Structure formats: structure tokens, C-alpha cells
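This briefing looks at one model from the level of a single chain up to the contacts between chains. Please keep the sequence and the structure in view while reading.

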Number of protein chains: 4
Amino acid sequence: METLGIDIGGTKIAGGICDEKGNIRCLQRVPTPEDAADINAAVADIYRRCKGEGDIRAIGISAAGNIASDRRTVSFAANLPAWHQYPLADAIEDLVGDGVKVIVENDANAAGWGEYRFGAGRGTHNMVMITVGTGVGGAIIVNDRLVRGGFGMAGEIGHIVMVPDGEACGCGLFGCAEQYASGSALERFAWSAARRQPNQSEHLLEACEYDRSKLIGPMVRDAAQQGDPTANEAFNLLGEWLGRLMANLSAVLDPEAFVIGGGVAEVGGMLLDPARAAFSRYLQASMYRQHPSILEARAGGKAGIIGAADLARDIDLARVD
Amino acid sequence: METLGIDIGGTKIAGGICDEKGNIRCLQRVPTPEDAADINAAVADIYRRCKGEGDIRAIGISAAGNIASDRRTVSFAANLPAWHQYPLADAIEDLVGDGVKVIVENDANAAGWGEYRFGAGRGTHNMVMITVGTGVGGAIIVNDRLVRGGFGMAGEIGHIVMVPDGEACGCGLFGCAEQYASGSALERFAWSAARRQPNQSEHLLEACEYDRSKLIGPMVRDAAQQGDPTANEAFNLLGEWLGRLMANLSAVLDPEAFVIGGGVAEVGGMLLDPARAAFSRYLQASMYRQHPSILEARAGGKAGIIGAADLARDIDLARVD
Amino acid sequence: METLGIDIGGTKIAGGICDEKGNIRCLQRVPTPEDAADINAAVADIYRRCKGEGDIRAIGISAAGNIASDRRTVSFAANLPAWHQYPLADAIEDLVGDGVKVIVENDANAAGWGEYRFGAGRGTHNMVMITVGTGVGGAIIVNDRLVRGGFGMAGEIGHIVMVPDGEACGCGLFGCAEQYASGSALERFAWSAARRQPNQSEHLLEACEYDRSKLIGPMVRDAAQQGDPTANEAFNLLGEWLGRLMANLSAVLDPEAFVIGGGVAEVGGMLLDPARAAFSRYLQASMYRQHPSILEARAGGKAGIIGAADLARDIDLARVD
Amino acid sequence: METLGIDIGGTKIAGGICDEKGNIRCLQRVPTPEDAADINAAVADIYRRCKGEGDIRAIGISAAGNIASDRRTVSFAANLPAWHQYPLADAIEDLVGDGVKVIVENDANAAGWGEYRFGAGRGTHNMVMITVGTGVGGAIIVNDRLVRGGFGMAGEIGHIVMVPDGEACGCGLFGCAEQYASGSALERFAWSAARRQPNQSEHLLEACEYDRSKLIGPMVRDAAQQGDPTANEAFNLLGEWLGRLMANLSAVLDPEAFVIGGGVAEVGGMLLDPARAAFSRYLQASMYRQHPSILEARAGGKAGIIGAADLARDIDLARVD
């Protein structure tokens with residue numbers, strides 16, 4: 001059975017026909033319109049352009065937002081106010097017709113499912129994907145199923161509180177993992193280190209013109225690669241916290257693998273090596289148990305498309321968990 | 001189909017025939033022998049005494065220890081050194097004969113499953129049981145299945161690190177949840193409060209004869225009920241941390257219900273009221289989401305028996321997750 | 001002996017003749033020029049306007065910056081780059097002539113000395129002043145003398161680390177007292193609380209137009225006075241941390257009084273009541289020792305003038321500590 | 001002017017005649033009696049044995065306990081209940097006669113004064129002594145005078161809270177410096193590390209017979225010297241916290257020197273090297289200021305005698321601070 005996977009991102013909508021091996025055909029890309037109705041039309045248009053190429057029976061949509069347990073409604077999307085209790089699957093089924101069914105999945109979950117089925121997590125039964133971007137996203141697979149939780153909010157691992165009274169989080173809490181294991185944490189760590197040791201941070205400080213508000217993650221990466229000790233210190237500290245976060249998640253879920261994705265993780269070992277070391281230090285009973293693999297994500301930007309398409313595959317069997 | 005549920009505890013072994021509604025017949029209790037072979041014999045003896053009363057096709061055993069993914073082998077049991085990589089299911093199947101199958105489950109998991117199927121968690125699909133005893137135990141149900149993790153260690157929620165550099169834990173880490181949301185935390189909180197305000201702690205200090213090493217949880221409970229302000233402060237602080245722990249678990253799992261069991265939780269509202277209040281304060285996006293129920297455990301001391309028996313029911317379908 | 005006290009602030013320079021009782025005559029105020037030489041000229045001008053009114057033998061200057069141990073040189077001033085290793089006392093003595101001697105003191109120290117000699121701390125021998133403004137400043141009096149430390153940097157109490165891995169501080173460290181007991185902490189606490197409970201923060205959120213970057217301390221004060229629960233929560237939390245900071249300082253210095261000044265402290269009991277309560281909870285051996293007084297500053301904006309003038313009084317006796 | 005210095009310790013009383021250069025003549029040692037009156041008699045006996053050897057005009061006593069501001073009364077002594085509001089100076093002046101004056105000083109303060117006057121701190125004007133023993137003691141010199149505080153409790157630096165909600169302290173607070181920078185912290189760190197990595201801790205675990213309650217500081221020292229990685233890790237961690245404590249104290253006092261004494265500090269560089277490194281990392285504005293010296297104590301076990309004797313020297317000038 002073939003399905004269409006569509007990833008509605010902040011800047012572009014991408015989609016294509018996916019087979020059962022995770023291959024994409026007929027890949028389409030359009031800029032994301034600002035309006036909800038225009039987004040629907042763009043999705044329908046991708047469907048129309050693909051429908052001659054395969055027998056599409058269902059569409060899986062990856063969307064940035066909280067998705068209700070029915071997997072059809074967007075409860076809330078920070079970047080698109082119109083998507084408040086919005087019946088996205090209904091709207092697209094109406095436009096598309098042909099009896100094609102639609103399901104909607106949170107983008108982190110769709111990407112995590114893509115990695116589990118076709119990427120770095122393939123072959124595991126219990127996996128956690130951690131997306132290290134501006135914030136920290138998560139997707140959890142347990143017993144070969146995606147974990148949505150009772151109310152659709154599972155996997156918000158960026159809001160585990162790791163430091164009581166710690167750095168203020170945008171969510172209103174203090175000390176969330178998102179403030180310690182994310183790209184914005186990397187910037188904060190780098191700036192703090194540069195503030196304390198400016199003579200060991202020349203690449204970094206010149207790149208951001210000595211202005212905190214201009215400092216962005218890629219500058220830290222470049223400075224680290226050029227040998228700035230403080231930029232390396234920032235990656236080590238980020239890895240330390242990522243390792244602690246994984247150790248906490250292992251205490252709860254004991255997965256066979258962690259898959260680390262997101263833009264910051266593209267540096268590979270510079271982040272994952274200290275993360276692995278810290279994980280071993282902070283894992284309870286570390287000496288007496290099997291350790292999970294800690295892997296780089298593999299499916300990259302297409303994980304959302306192939307994950308959403310795959311989740312739509314068994315749509316006839318789908319029930320509200 | 002009827003099965004036998006047996007709970008091998010530190011002081012006694014209890015078991016009986018369980019039907020599909022969680023009722024126990026033919027309940028047997030014997031003191032726990034010290035020797036592994038004698039334990040096996042005691043289990044076989046309970047089987048023999050029950051076998052005339054029903055058509056027992058499988059035995060589910062609840063045991064304190066780490067259970068391997070095969071659900072047949074005890075990897076490690078802190079209180080019974082002989083149970084090191086011990087093939088408990090094999091040993092009992094050999095003794096019992098009759099083609100009866102045996103599965104073994106960790107005691108916290110068995111009790112959690114009992115609460116999920118027949119107790120406070122009945123009707124949920126995603127549930128977390130937290131056992132507040134000397135330590136903190138956990139059992140996790142996701143999508144109607146028990147979560148064992150990739151290597152059988154899931155649910156060790158007492159070792160989420162909640163306070164970096166915090167109170168030393170017996171496991172070698174610092175700041176584990178077990179040091180903040182357990183009965184031993186209650187004792188520590190009570191002693192500290194009494195140390196600071198002895199004139200508000202007379203009941204408590206007299207009960208323990210002004211000796212830290214004699215202070216035990218029930219004394220704190222009694223002093224709180226008699227009106228010692230510091231004993232109440234200790235329960236409030238314990239509830240605060242229990243609430244924070246649940247908020248962290250909701251970030252990961254978003255369950256429909258938390259079921260709180262264990263000896264310390266028997267005080268009910270004295271612990272659960274502050275825990276509920278703290279949970280709401282520390283839950284991310286608290287105003288914008290459905291909250292789980294926070295419930296007292298109901299099945300009590302029999303949760304392990306009925307849980308283990310129920311897990312044995314679908315043994316023919318069982319596979320290594 | 002009469003002296004001239006001059007307070008060089010960020011927006012205005014103020015000064016006048018001070019007698020031995022802390023009274024000011026001939027008070028002058030001018031806007032602060034941007035240039036170092038113009039500042040010197042403005043100070044000399046104040047001297048000339050006052051000199052007919054009294055027998056001025058010395059000038060004490062309060063300046064925002066790090067002052068060297070010689071009490072004549074500004075090592076560094078964040079807001080005036082030209083004051084880098086700047087011989088301020090020399091420059092002004094040259095301009096003023098008449099054999100008048102000049103000493104320079106850090107502004108927090110000058111104000112603290114003013115409170116100690118003529119304000120809330122009068123009659124004590126050991127006192128700590130805490131200035132709760134945008135940041136946290138301190139001045140320490142021990143054995144009736146101002147504490148400058150070995151290198152002139154004593155009293156930087158805003159940089160005691162109170163929360164390891166806590167909120168990033170502008171100084172490059174994490175978790176400094178300045179991030180927990182200051183006006184900017186108040187804003188952060190208020191925003192976080194409002195983010196979590198927007199329906200209890202209407203006054204505050206309307207005042208800042210739902211925009212974090214527009215939220216300032218006075219809005220929190222007004223909202224608290226109008227009954228916003230979250231604004232009150234923010235003051236309680238600020239008081240909690242101020243109390244903890246004082247408890248830490250009592251462990252080191254055991255002063256007879258804390259004097260709390262700065263713009264945020266003008267709310268009085270709304271801050272000081274929770275601070276006093278927290279102080280008692282966090283003071284070691286609280287039940288067994290005498291507690292210091294925790295007092296509102298009294299000399300207000302003139303503390304710097306009268307403090308600097310008084311420090312100049314015994315200039316002939318002055319030596320480098 | 002010669003004075004007698006006497007150090008009343010838990011196991012022995014030691015004393016002798018001290019000259020103005022810190023030399024001791026006629027050194028006497030006796031076991032410490034259990035009874036207050038017998039202690040007084042033992043002190044008087046030392047006086048009598050020494051009096052022929054010099055012109056003793058005053059006696060300075062170093063005593064473990066809280067000393068009132070009059071420097072004559074023991075307010076409280078943990079190890080000698082009879083010393084509760086006990087007029088020790090009166091009692092000894094009565095026994096000794098000859099018009100000899102007595103002053104009493106807290107033992108940490110006396111030792112700190114000894115180091116300041118004749119030991120490692122000689123030549124400084126602002127010094128902090130930190131005694132790293134079972135607990136953490138402190139003595140503070142500011143502007144060439146001992147800091148007793150308003151009520152005699154200054155210098156209790158072991159009770160600065162360094163980790164909110166951290167390790168429970170015997171005082172009833174949580175997270176005191178005493179729990180992180182002391183010999184008992186060393187034991188805890190070593191045990192935790194050994195618990196996590198037993199195969200790297202053979203020397204240590206064998207020395208304590210795998211029993212936490214038998215593990216003492218000297219075993220950690222020996223294991224570290226024999227190359228146990230976890231014992232070294234424990235010293236590094238202890239040094240890290242000692243460095244953080246000194247950085248906090250520099251924020252308040254900015255001393256010219258820290259003098260580190262106590263039994264644990266006798267290992268020298270094994271503790272002081274990581275402490276110095278951490279101090280530099282945690283010192284605010286580390287790059288822009290002069291750093292204090294961090295020195296090993298030099299006067300050793302005699303610091304209390306020569307310090308107390310020296311404090312008695314200017315007794316005629318003494319006043320209640």
C-alpha cells in the first residue's frame with residue numbers, strides 16, 4: 001500500500017509518495033503559505049500532482065503543533081494561531097476527495113517514527129529520538145508503537161526539569177532540559193565561557209562582533225572547529241547535559257537506542273562523544289546493565305515525510321489510543 | 001483461563017488462583033525461606049495446594065529484582081545473592097510439572113499491572129504507578145502494555161536525577177528522585193525540620209528519643225496527625241517532590257493517571273494533596289492541557305499477586321519485547 | 001571639619017557640604033557630562049560654588065566603578081570607558097587646588113557607609129547593606145570599618161553563586177545572587193508566573209502589553225498592589241532569595257544589621273516581610289542565636305553624598321588597607 | 001610582653017609561653033578531663049608550671065565552641081554540655097590569681113589568627129582561613145582584625161548554602177558548604193564513585209572492607225596515592241567545591257590570601273591544585289582582577305596556642321566589638 005507523506009514546516013511544505021521501504025517518489029516542495037486555507041490548498045495540490053504516480057489511499061501529515069488524540073485535529077500551534085482546535089484532517093479530506101483518509105501527527109513524532117522505521121533506529125523495539133535544535137524535541141517508541149500519551153502530549157522531554165530554580169524557560173518553568181541541551185543553551189554556554197575568557201574566544205567573539213544578540217549556534221560550531229577553547233568547552237557542556245537527559249530517560253524507558261537529530265547534532269562526535277561519556281557516568285547501575293546505542297539521526301530532513309506516510313499506512317486499523 | 005499468582009516478598013510468599021476479574025481464591029501464605037531452592041519448593045507447594053481448586057495453566061511470579069527480557073531469569077536481586085542470573089522460571093516449571101508455564105515479573109511492575117487491570121488505574125490506557133516506600137519504585141503502562149524497555153530496566157523512576165549534586169543515593173549518583181520522594185526522604189525532611197525548630201516537634205522528637213537513627217516514617221505520620229508543625233512540613237515537602245517527579249513523568253509519558261502506592265502513601269491526602277498542588281505548578285503548559293488523575297492505589301498488598309497472575313494469562317502469546 | 005561629598009551617577013552629579021552629623025548644605029545638581037574631562041570640570045564647579053559656604057578641606061567622591069586600593073584611581077567603570085585606570089583624584093585635586101584632598105569610593109560602598117554612619121545602620125559596628133536594583137550591590141562594614149578587601153573588590157555580593165548551573169549571569173557565571181535577588185529577577189519571576197497562570201495576571205500582562213521585553217519592575221509592583229496573585233508570588237519569591245542571600249552572609253559575617261536599599265526595596269514590607277521569614281528559615285542555628293535587624297535604607301538618594309563626604313573626613317589618617 | 005596560650009581540644013589540652021614572634025617555650029600537654037572544673041584545674045596547672053619561666057600577664061584560651069562577644073563566656077559547646085553560658089575566663093582568673101587576665105577565643109578563630117600573625121598568612125591584611133576537617137571551619141581577618149561579627153558567630157563559612165535542596169547537613173539545612181568541602185564529603189564522593197566503578201576502586205574498597213561505615217578519609221588519601229582513579233576523582237571533586245567556596249568568599253571579602261588547614265588539607269597539591277583551578281573558573285571577573293594566594297597552613301597543630309596567646313597580648317586594649 002502506498003501513502004503520501006507531507007511535512008508542513010515553517011518555511012516550506014514538502015511531500016511525496018512513500019513505499020513500504022521508506023523510499024520517496026514524486027517529491028514536491030512549495031513555500032508554506034501564511035493562511036490556513038492556503039496551506040490546505042497547497043497540500044491538496046501536492047496530492048493532485050502525485051496521484052497519477054501511485055495508488056494513494058491515505059495521507060500522513062507532519063505538523064508543528066500539539067495534535068489531539070484523534071490524530072485529526074491541531075489543538076494548538078505556536079506559529080500559526082489559526083490552527084487552534086483546527087480540524088486539519090477534515091479540511092484536507094474534503095479538498096482531496098477520492099475517499100483518501102488523512103491522519104495528522106506532531107512533527108517530532110513523525111520524524112522519530114521515520115527514524116525508527118527507516119533510519120538509525122531501524123530494528124529496535126524501544127527507541128527515543130531527541131531533536132537538538134533551538135529547543136529540545138522528543139519522540140518515543142515503546143514496544144514498537146509511538147507513544148502519544150493519554151492526551152497527546154507525550155514526548156515533551158524538553159520540559160523535564162533538570163535544575164530546580166535553573167535557567168528560566170519560555171514555558172514559565174525554571175530549569176527545563178530545553179534550557180540545557182538545546183542550541184540556545186549552546187549559545188548561552190559559549191557566551192558565558194567567552195565572557196570569562198575572552199582571549200580564548202577570538203574566533204567566536206569576532207564572528208558575533210562581540211554582541212551577544214548576534215551569536216548563533218553555527219558560529220560556535222565554526223569557532224570550535226577553528227580551535228577556540230571556549231567554543232569546545234560549550235560543546236562539551238552541551239554534551240554533558242544531553243548525556244544527563246538521556247540517563248534520566250533511560251531510568252524511565254530503558255530504550256535500546258537514542259537517536260539524536262536536529263541541526264545542532266549535525267556536528268556529530270563533537271556533541272555525541274561528550275554526551276556518550278556523560279551518559280555512562282550518570283546512568284544508574286551503569287556497570288551492571290546493557291547500554292543503549294547513541295546514534296546520529298540518518299533520515300535527515302525527510303524523516304517527517306516518510307514517518308508521516310508510514311503512520312498513515314495502517315490507518316484503517318487506527319484507533320484512538 | 002485461570003492462573004496462579006505468586007508474590008515472593010522479603011518476609012513472606014503469598015499466592016492464590018486468580019480469575020479474569022482479579023479475584024483471588026485459595027490464598028496461601030508462608031514465610032519466605034532464605035535459600036533459593038527452598039523458595040522454589042515453597043512456590044511448588046502453593047501450586048499443589050491450589051491445583052485441585054482450579055484449572056491452572058500458568059503461574060505468574062512477582063519477584064523483587066531485575067528480571068531479564070526473557071521474563072524467566074532473575075538477573076540480580078539485592079536481597080538474595082543466590083538469584084544472580086538465576087533461571088527462576090525453569091526451576092519452578094521443573095518442580096511443578098503438569099506442563100504449567102511460568103513467567104517472572106519485577107514486583108513493582110507486577111503490582112503496577114495489578115492496579116492497571118483491577119485497581120485504581122482500571123480503564124486507563126496509559127498509567128504510571130509510583131510506589132513510595134523506603135525507596136521509590138515505578139511501573140509504566142503505555143498503550144495498554146507494560147513497559148519493560150529494551151533490556152528489562154524500564155520504570156526505575158527513582159533514579160531520575162532531580163537535583164544535580166543533591167543528596168547522595170545508594171546507587172552512587174547524587175540527587176536521585178529516590179532521595180526526595182521516598183519514605184527515607186520523609187525521615188530526613190522531618191529530622192531537618194525538627195533540628196531547626198525543636199520546640200515545634202515535641203511529639204516527633206519524643207517518639208524517636210531525640211535520636212536520628214531511631215526516627216522512622218510512622219513516627220512522622222503520627223506526629224503530623226497529632227499536630228506537630230514540622231512533621232506536617234515534612235509531608236508537604238515530600239508531596240512537593242512527588243509532584244515534581246510526576247510533572248517530569250508527564251513531560252515524557254503524559255499518562256491519564258498516576259497511581260500512588262507504597263506504605264508512605266497510605267496517609268492519603270496528607271501526601272497526595274500537596275503532591276497534586278505541586279504537580280499543577282510544575283506541569284508544563286498546565287493551563288492548556290488535560291491533567292491526569294492522581295489516585296491512591298487500591299489493590300493494596302494483593303496487587304502483585306493479581307498482576308502477576310494476569311500477566312501469565314496470555315503467556316502463550318508472550319514474546320520477548 | 002567639613003567636607004564636600006559628591007556623587008557621580010549615570011545621569012546626574014550631585015554634591016554638597018556635609019557636616020559631622022550627615023547634614024548637607026549648599027546642595028548642587030548638574031547633569032552628568034559624557035566626557036571624563038567635563039566630569040572633572042563639573043565637580044570642580046560644584047566645589048567652587050560651595051567653597052564660600054564652609055571650610056572644605058577634603059572632597060569625597062562616590063563613583064560607579066571598581067576603585068583601586070589607593071582610593072584615588074578608577075580601575076574600571078562599565079559605563080565610562082575613559083575611566084580605565086583613571087587617576088580621578090589627581091585630576092580633581094589639580095583642578096580644585098587650595099590643597100584640598102580628594103578620595104574616591106565605589107558608589108555602593110559610599111552609600112553603605114552613609115547608611116552606617118547616619119542612616120538605618122547607625123549605632124551598629126557590623127553591618128551589611130544590600131542594594132536591590134537592576135542588579136545586586138553590597139557594602140560591608142566590619143568592626144566599624146568599611147571592607148574593601150585586599151584588592152578593592154570586596155562587597156560584590158551579587159556574585160555569590162547561589163544555584164549551581166542556575167540562571168546565566170552577565171558576568172559569565174551561572175546562578176549568581178544577582179540573578180535571584182534583583183529587580184531583573186523580579187521581572188523574570190513575574191513573567192514566568194504570568195506565563196503559567198495568565199488569568200491571574202491581568203494587570204501585569206496588560207501593563208506590559210503581553211510583551212516580555214516591555215515588562216519592568218514598577219509594573220510588577222503596581223500589579224501586586226492591585227491584587228494580581230502572580231505579581232505577589234514574584235515578590236514572595238524575590239524575598240525568599242533575598243532571605244537566603246542574607247542567611248549566607250550571616251554565616252560569613254554575622255552582622256548586627258542588614259540595610260536593604262535600592263529602587264526595588266522601596267516597596268517595603270512586600271519585599272522585606274518574605275525576606276525576613278526566609279532569612280529565619282535559612283539561618284543556621286536560627287533558634288540558638290541572636291538575629292540581626294533587617295531594615296529599610298533611610299538615607300535614600302543622598303546616602304552616597306554623605307557617605308563619601310564622611311569617608312573624606314579622616315583623610316589625613318587614611319592609609320592604604 | 002609574654003602571654004600564655006592554651007588550646008583546649010577534645011582529647012588534649014596543650015599550652016605554653018609565647019613570645020611576640022610566635023615562639024613557644026615551656027610547652028605542656030595533658031589529656032582533656034571530662035569535667036568543666038577539672039579542665040579549669042588543668043589549665044591553672046599549666047600556668048603554674050610555666051609561670052617561673054616568664055612574665056605571664058595574660059592567658060589566651062582557644063576553645064571549641066561558640067564564644068560570646070565578651071570573649072570570656074562560652075555560649076555553647078557541642079562536645080561539653082557543661083559549657084553552656086559558662087564563664088570560662090572568670091573561672092580561670094579565679095583559680096590562677098596573680099592579676100592575670102584571661103580571654104577566650106573560638107578554636108577556628110584562634111588558629112586562623114595564629115596563621116595570620118605567624119604562619120602562611122603573615123604579611124596580609126585580609127585573610128580567610130578554611131579548615132577542612134570532618135566539617136568546614138573558618139576564620140576571617142579583615143583590615144588586620146579578627147572578624148567576630150555582631151554576636152560572635154562570624155566565620156561559620158561551612159554553613160553557606162551552596163546547593164539548594166542539596167545534601168542534608170547536621171545543622172538542619174540542606175546543601176551547606178560543610179557537606180561539599182569537608183572530609184565527610186570526601187568520604188561520600190569516594191564511596192559514590194566506587195559504587196559506580198568498583199573495578200577502579202580496589203585499594204579503597206579493600207581498605208574499608210566494602211563497608212561504607214568503615215570508609216574514612218585517610219583510606220581515600222592512601223588509595224589515591226596508590227593510583228585508584230575513583231579516589232583521585234573524589235579529591236578532584238572535593239577541590240572543585242573548595243574552589244567554589246573560595247570564589248564565593250572572594251565575592252564577599254576579596255582577601256589577599258586563603259590559608260587552607262585541617263587534616264584533609266595535609267595532602268597538599270592533591271586537594272589544592274584542583275581547588276585553585278576551580279577557584280579561577282568560578283571567580284567573578286577572573287581575568288580582570290588580582291587573585292589571592294591559596295596557601296597551605298603552616299603553623300599546624302600549634303596555630304591555636306600561638307593565636308590565642310597573641311590575641312591575649314593586647315588584652316588591656318581589648319574592647320567588646
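Predicted model: local features only at pLDDT ≥ 70, side-chain atom pairs only at ≥ 80, totals over all residues.

**Domains, sheets and chain contacts**

**Chain A: overall form and domains**

- Where the two domains of chain A meet, 10 residues of domain 1 and 14 residues of domain 2 take part in the contact.
- On the side of domain 1 of chain A that touches domain 2 of chain A, strand 5 (66–67) and helix 3 (107–118) of chain A each supply at least two residues, and helix 3 of chain A gives the most, with five residues.
- By residue class, that side of domain 1 of chain A consists of six nonpolar and four polar residues, with no charged residue.
- Chain A has nine helices and 12 strands, and its C-alpha trace spans about 65 × 50 × 35 Å along its principal axes.
- The radius of gyration of chain A is 20 Å, which agrees with the value near 20 Å that a compact globule of 321 residues would have.

**Chain B: the five-stranded sheet**

- Chain B contains an open sheet of five strands in the order 3-2-1-4-7, and the pairing in this sheet is mixed.
- Strand 3 (24–31) and strand 7 (101–106) of chain B are the edge strands, each of which pairs on one side only, and the twist from one strand to the next averages 15 degrees.
- Strand 2 (residues 12–18) of chain B pairs with strand 3 of chain B in the antiparallel sense over six bridges, and in this part of the sheet B:Gly15 stands opposite B:Gln28 of strand 3.
- Helix 2 (residues 88–96) of chain B lies across strand 4 (56–63) and strand 7 of chain B, and runs at about 145 degrees to strand 7 of chain B.

**Chain C: the five-stranded sheet**

- In chain C, five strands form an open sheet with mixed pairing, and their order is 3-2-1-4-7.
- Strand 3 (24–31) and strand 7 (101–106) of chain C stand at the edges with a single partner strand each, so one side of each is left without a neighbour in the sheet.
- Neighbouring strands of this sheet are turned against each other by 15 degrees on average, with direction ignored.
- Strand 4 (residues 56–63) of chain C pairs with strand 7 of chain C in the parallel sense over six bridges, and the bridge partner of C:Ala58 in strand 7 of chain C is C:Lys101.
- Helix 9 (residues 303–313) of chain C lies across strand 1 (2–8), strand 2 (12–18), strand 3, strand 4 and strand 7 of chain C, and runs at about 135 degrees to strand 1 of chain C.

**Contact between chains D and C**

- The contact between these chains takes 39 residues from chain D and 39 residues from chain C.
- Helix 7 (residues 229–253) of chain D provides six residues, the largest share of the side of chain D that touches chain C, and that side divides into 22 nonpolar, 10 polar and seven charged residues.
- The same surface serves both copies, as 100% of the contact residues of chain D recur in chain C.

**Contact between chains C and B**

- Seven residues from chain C and seven residues from chain B take part in this contact, and the side of chain C that touches chain B divides into three nonpolar, two polar and two charged residues.
- Chain C is superposed on chain B by a rotation of 180 degrees with 0.0 Å of shift along its axis, at an RMSD of 0.1 Å, and the C-alpha of chain C nearest the axis is that of C:Pro164, 4.2 Å from it.
- Of the interface residues of chain C, 100% are also interface residues in chain B, so the copies meet through the same surface.

Definitions and conventions:
Residues numbered from 1 in each chain as written. Chains lettered and ligands numbered in written order. Helix = DSSP H or I, 4+ residues; strand = E, 2+ residues; numbered from the N terminus. Nonpolar A, V, L, I, M, F, W, Y, C, P; charged D, E, K, R; others polar. Pairing = 2+ DSSP bridges. Axes fitted to C-alpha atoms, helices over the stretch in contact; angles between N-to-C directions. Rg over C-alpha atoms; globule rule 2.2 N^0.38 Å. Least-squares fit on C-alpha atoms with pLDDT ≥ 70 in both.
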